[in-house]
Amino acid sequence: MTASARRGAAVPGLVPYDWLLDRLSLYLNRPAETLDPTVPLAEYGMDSVCALSLCGDLEDEFGLAVEPILIWDHPTLESLTARLVYLPNALDGRF
């Protein structure tokens with residue numbers, strides 16, 4: 001895990017934007033600065049394997065048990081971040 005992936009991770013249930021951006025950059029094999037938060041992640045190559053891996057990371061890092069469908073329901077970095085921030089009870093792990 002990179003140093004930037006740890007920034008802001010101290011708040012349980014809150015997924016920091018930088019962490020999510022770093023993780024997506026890793027899975028999509030693209031520099032983070034090339035990811036436009038309004039472009040659908042599928043256009044960058046997001047597939048079911050990446051989505052499943054990201055969900056596993058969310059569970060490992062933040063205790064969020066999410067289904068990969070979350071990535072398809074919230075297809076951009078912007079919409080995904082907004083969904084993760086506004087969870088009624090993030091530690092509950094239910095979307």
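In the predicted model shown above, R23 forms a salt bridge with D57, and the closest N and O atoms of the two are 3.4 Å apart. A salt bridge here is a side-chain nitrogen of Lys or Arg within 4 Å of a carboxyl oxygen of Asp or Glu. R23 belongs to helix 2 (residues 17–28) and D57 to helix 3 (residues 48–62), so the pair ties together parts that are 34 residues apart in sequence. By this rule the count comes to one salt bridge. Both partners, R23 and D57, are buried; buried means under 20% relative accessible area, exposed means over 50%, and partly exposed covers the values in between, with a 1.4 Å probe and protein chains only.

Residues are numbered from 1 along each chain as its sequence is written, and side-chain values use heavy atoms, with hydrogens and water left out. Because the model is predicted, local features need pLDDT of at least 70 and side-chain atom pairs count only at pLDDT 80 or more, while totals for chains, interfaces and linings use all residues.

Now for the overall picture. The chain holds five helices and zero strands, and reading along the sequence gives the pattern α-α-α-α-α. Helices (H or I, at least four residues) and strands (E, at least two) are DSSP runs, numbered from the N terminus. Of the 95 residues in the chain, 42% are buried. Among contacts with a separation of 6 or more, 55% come from residues 24 or more positions apart, where contact means heavy atoms within 4.5 Å.

On the helix 2 side, the contact is made by W19, L20, R23, L24 and Y27, and on the helix 3 side by C50, S53, L54, D57, L58, E61 and F62.

Two of these residues also form an aromatic pair, and by the rule used the count comes to one. Rings of Phe, Tyr and Trp (its six-membered ring) pair if their centres lie within 6.5 Å; planes under 30 degrees apart count as stacked, over 60 as edge-to-face and the rest as tilted. The ring centres of W19 and F62 are 4.9 Å apart and the planes stand at 90°, so the pair is edge-to-face. W19 in helix 2 and F62 in helix 3 are 43 residues apart, and the pair links distant parts of the chain. Both W19 and F62 are buried.

What about helix 5 (residues 77–85)? Its buried residues are L77, L80, T81 and L84. They cover an arc of only 100° around the axis, which puts them on the same side of helix 5; the arc is that of the directions from the helix axis to the C-beta atoms. These buried residues pack against helix 2, helix 3 and helix 4 (69–73).

Y17, found in helix 2, counts as partly exposed at 33% relative accessibility. Leaving aside residues up to four places away in sequence, Y17 touches P37, L77 and T81. The C-alpha atoms of Y17 and E78 are separated by 9.1 Å, although the two are 61 residues apart along the chain. N29 lies in the loop between helix 2 and helix 3 and, at 73% relative accessibility, counts as exposed. Its phi is near 55°, a positive value in a residue other than glycine.
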